Amino acid sequence: MIVAENPDVVVAEAGASRFEPYNGSIALEELREQVHCTVLCASDPYAVIGVTQAFGVEPDFVTGAATSTSAGVQLVETLAKVPALTLPAEESLSQLSQILQTKLSLPSAKLSAASNGERGDKSIEVLAGFER
């Protein structure tokens, strides 16, 4: 399946919690050696601390509702000592690009927020191709 496509990067979500019946912890254990960048999408800044302490997860950066305000960003960065990115806000994209280049050992890539569909949803697109 994925192996047949020979991708450079795979973005995967593995369950919501170790307490829920999604088998996320099993998938994580199987993939652990392949994981190069961990993103924590948190609902609030204190959830970041809860996840890091309860599960030993050290994210490379945090995003989600916890980072939707400047106060949330500051609190996450103060409490967790990791970058907090408001995605796909344009001001966070250079920091995201730098993190991805470092963690994934990829050549330079330019990221930009692009409108997606009639509702104006935002998505992040990689504008520079990656060569193997």
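This is a predicted model: local features need pLDDT of at least 70, side-chain atom pairs count only at pLDDT 80 or more; totals for chains, interfaces and linings use all residues.
Buried residues account for 25% of the 132 residues in the protein chain.

Let me turn to the overall arrangement. The protein chain contains five helices and four strands. Along the sequence, these elements follow the pattern α-α-β-α-β-α-α-β-β. As for contacts in the protein chain between residues at least 6 apart in sequence, 29% of them join residues at least 24 apart.

Which residues make up the largest nonpolar core? This core has eleven residues, namely L40, A42, V48, I49, V62, A66, V73, V76, A80, V82 and A84. The elements that supply two or more residues to this core are α3 and α4. Helix α4 gives the most, with three residues. A second, separate core has six residues, among them C37, L85, L96 and I99. As general background, nonpolar side chains in soluble globular proteins tend to be buried together.

With neighbours within four places in sequence set aside, L40 is in contact with V48, V51, P59, F61, V62 and T63.

Two threonines deserve attention next. The first topic is T67, in the loop between β2, residues 61–63, and α4, residues 70–80. Is T67 buried or exposed? T67 has a relative accessible area of 1%, and therefore counts as buried. When neighbours within four places in sequence are left aside, T67 is in contact with V62, V73, A84, L85 and T86. Of these contacts, V62, V73 and A84 belong to the largest nonpolar core, while L85 is a member of the second core. There is also a polar element to this site: a polar atom of the T67 side chain lies 2.9 Å from the backbone oxygen of L85.

The other threonine is T52, which is placed in helix α3. T52 is buried, because its relative accessibility is 14%, and the cut-off for a buried residue is under 20%. The side chain of T52 reaches the backbone oxygen of I49 at a distance of 3.0 Å. Not counting residues up to four places away in sequence, T52 touches V57, E58 and P59. P59 is also in contact with L40.

I now come to charged side chains. How many salt bridges does a search of the whole structure find? The search finds one. In this salt bridge the side chains of D60 and K103 meet, with a distance of 3.0 Å from N to O. The pair links distant parts of the chain, 43 residues apart: D60 lies in the loop between α3, residues 45–55, and β2, whereas K103 lies in helix α5, residues 90–104. The two partners may also be described by their accessibility. D60 is buried, with a relative accessible area of 18%. K103 counts as partly exposed, at 36% relative accessibility.

Apart from residues up to four places away in sequence, K103 touches H36, C37 and D60. C37 is among the residues of the second core. K103 and T38 are 65 residues apart in sequence, and their C-alpha atoms are 9.4 Å apart in space.

K81 is exposed, with a relative accessible area of 67%. P88 lies in the loop between α4 and α5 as well. What is the form of the peptide bond from L87 to P88? This bond is cis, with omega near 5 degrees.

Finally, I consider the surface at the start of the chain. M1, I2 and V10 form a nonpolar patch there, with about 380 Å² of accessible area together. M1 is placed in the segment before α1, residues 2–5. M1 counts as exposed, because its relative accessibility is 89% and the cut-off is over 50%.

Definitions and conventions:
Residues are numbered from 1 along each chain as its sequence is written. Side-chain values use heavy atoms; hydrogens and water are left out. Buried means under 20% relative accessible area, exposed over 50%, partly exposed in between (1.4 Å probe, protein chains only). A polar contact is a pair of N or O atoms within 3.5 Å; within protein, one must be able to donate a hydrogen and the other to accept it, and residues adjacent in sequence count only if both atoms are side-chain atoms. Contact means heavy atoms within 4.5 Å. A salt bridge is a side-chain nitrogen of Lys or Arg within 4 Å of a carboxyl oxygen of Asp or Glu. A nonpolar core is a set of buried Ala, Val, Leu, Ile, Met, Phe, Trp, Tyr and Cys residues joined through side-chain atoms within 4.5 Å. Patches are made of residues with over 30% relative accessible area and no salt bridge: like charges are joined within 9 Å, nonpolar side chains (Val, Leu, Ile, Met, Phe, Trp, Tyr) within 5 Å. Accessible areas come from the Shrake-Rupley method with a 1.4 Å probe; for residues, only the protein chains shown count as cover.
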